[in-house]
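Here are some notes for a colleague opening this entry for the first time.

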Amino acid sequence: MIAADTPDHRAARLLTVGPDGEIRHRRRSDLATLFDPGDVVVANDAATLPASLHGRHEATGAPVEIRLAGWVTPGDPTRFRAIAFGPGDHRTRTEHRPPPPRLTPGDRLRLGPLTAVIERLLDHPRLAALRFVGNRASVLAGLARHGRPIQYAHVPAPLALWDVWTSIAADPVAFEPPSAGFALDWRTIAAWRERGVRLATLTHAAGISSTGDLALDARLPFDEPYRIPEATSDAIHRAKRRGRRIIALGTTVVRALEAAASSGGGVIAGAGIARNRIGPETRLAVPDTVLTGMHAPGESHYELLRAFADDGTLRRAAESAHEGGYRSHEFGDVMLLARQRVATMSWPATEHEEGCAMVLS
Amino acid sequence: MTKITDFKPAADKGFRGLRIAITGGTSGLGRALVRQFSAAGARVAFVARTADRVKQVAAETGAVGLVGDVGLKDDIYPLALQIAGTLGGLDLLINNASILGPVPLIPLADTDCEDLEQALAVNLVGPFRLTKALYGALASSAREGHGALVVNITSDAAVNAYPEWGAYGTSKAALAHMSAIWDAEAAPQGIRFLAVDPGDMDTAMHAAALPDTDPATLKRPEDAAAELIERIRAALADRQTALEAASA
């Protein structure tokens, strides 16, 4: 696949994988007509913080980049978990970035107009809890002025906030954009409304997707706070009861829905922290389909996709995307992946009925 | 940004808890709106260009003051981030900041293109950009059954062809028409748009435009704000009725 290296032509193409594994090539605009009346599309309406901050380590004068990566107390913008890098910027691949100066509790970092104090290290020399000096308003003002969106070497040009806010971006709680939302525009949402397809949202504080450090990457995704409105929980219950589909826009939505899944087949409204990991062993309770970027084996999001489809199906989809020249990464093309039908054994109810039947559920 | 842990729906009685952003909040109508909405228990963030005056109005009212210029593209998202982050979302956006264009007022034939562009940048493109940046927050408010209203402040100069009001009148006419189109498009999402002419007020802007007017013949900005707040109350109540009818 080709890396999408600018935010300009996002999500132009759409690869669909049906419940029976059938692969089709479509346009992103076809999303407007792919769902049926009563289906519910769930999207993450988190807006993205400018979470990359360049500055200096006060004690040594050494350059440092801080990437805010997680909330300490959800909604309190004065304290974060953060990843630290040494000199350089996003144009260097994260795995090649030099380490930050040795950080110890009490160290101060000068980050433009902001001052951060290291509170403690979190079992890794690059991962720390920090506190900004100031109150909510002054810290937000400092972030707004000095912070830049977190970005990676495949997009060399500097990104602005408008590049990383989706059309539905509302509350700025994510550290990286919930990028499946880039496939959404208000024309598509209006077309869904006319078809009777419901757009529902949740707010999930999408965290950092890559650190360049193997030990840290193995700990991703970090715990992520989320909130599910009553209206969304109600819409999911109604759709489930009527046998309609739940389409999750992005992996963050899958994670939040599964974290909030109730035993009755719906989701519990309210605030929570997603600590779950989703992989091939996960029995998904809520989403029937996921809209996702193009992910290859080895990437962290790929594990989550294995909850929807077996490796053979995912491999065929990846090959088809590769041959078709699909573009990868957050500003690239998208894939609509249905949970694959699995054969389940249905045992006879009485001894008088013979054998067992394979049914498709 | 409080929403994730500390979510409270905006109160349905009065304006208590309603999340409001007002541009041009340190003078005239804007300052009167900041004062009155703050006194009514709303959660208010306001924007203005001059840091000292922002600090002064914030200290006086308890509202959150943000320094920025809606005429500058690069100021818009930092402002949207601070508005949505501080208030934890947004229910009501009042695009009030505006400039007259060249002062003293002059005929269009004498108006520099750059001055017309600047009037459009502040009075038309600025409100468009800020509304677009905050549209997701407003749509979220609407989905949760709160306010979701955008008020664009216009003028009788948008309707009448007053000589020498070309830059201002043109920008306000475009803003009024844009409000109507926004309203038609956004109504299904539950977001309403109002274009409101507050009338001739005793403000620094009016004095700059028409210095010979007797201030006693002009409306006090406090009274114009009170009238506007009543219109907003009615619009929010209409919305509530429509929402209840839709969900019934």
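This is a predicted model: local features need pLDDT of at least 70, side-chain atom pairs count only at pLDDT 80 or more; totals for chains, interfaces and linings use all residues.

1. Apply the rule to chain B. Its 248 residues would give a compact globule a radius of gyration near 18 Å. Chain B has 18 Å, so the two agree. Along the principal axes, the C-alpha atoms of chain B fill a box of roughly 55 × 40 × 35 Å.

2. Next, the interior of chain B. Of its 248 residues, 52% count as buried. Take the contacts in chain B with a separation of 6 or more: 67% of them come from residues 24 or more positions apart.

3. Now the order of elements. Chain B holds seven helices and six strands. Along the sequence they follow the pattern β-α-β-α-β-α-β-α-β-α-β-α-α.

4. Turn to chain A and look at strand β13, residues 198-204. Seven of its seven residues are buried. Both faces are covered. One side carries A:Arg198, A:Ala200, A:Leu202 and A:His204. The other carries A:Leu199, A:Thr201 and A:Thr203.

5. Which strands does β13(A) bridge to? Strand β4 of chain A, residues 40-44, runs parallel to β13(A), and five bridges join them. There, A:Val40 has A:Arg198 as its bridge partner. Strand β14 of chain A, residues 224-228, runs antiparallel to β13(A), with two bridges between them. A:Thr203 has its bridge partner in β14(A), namely A:Arg227.

Notes:
Residues are numbered from 1 along each chain as its sequence is written. Chains are lettered from A and ligands numbered from 1 in the order in which they are written. A residue is buried if 20 or more other C-beta atoms lie within 10 Å of its own, exposed if 12 or fewer, and partly exposed in between; C-beta atoms are placed from the backbone. Helices (H or I, at least four residues) and strands (E, at least two) are DSSP runs, numbered from the N terminus. Two strands pair if DSSP finds at least two bridges between them. The radius of gyration is taken over C-alpha atoms; the globule rule is 2.2 Å times the number of residues to the power 0.38. Two residues are in contact if their C-beta atoms, placed from the backbone, lie within 7 Å.
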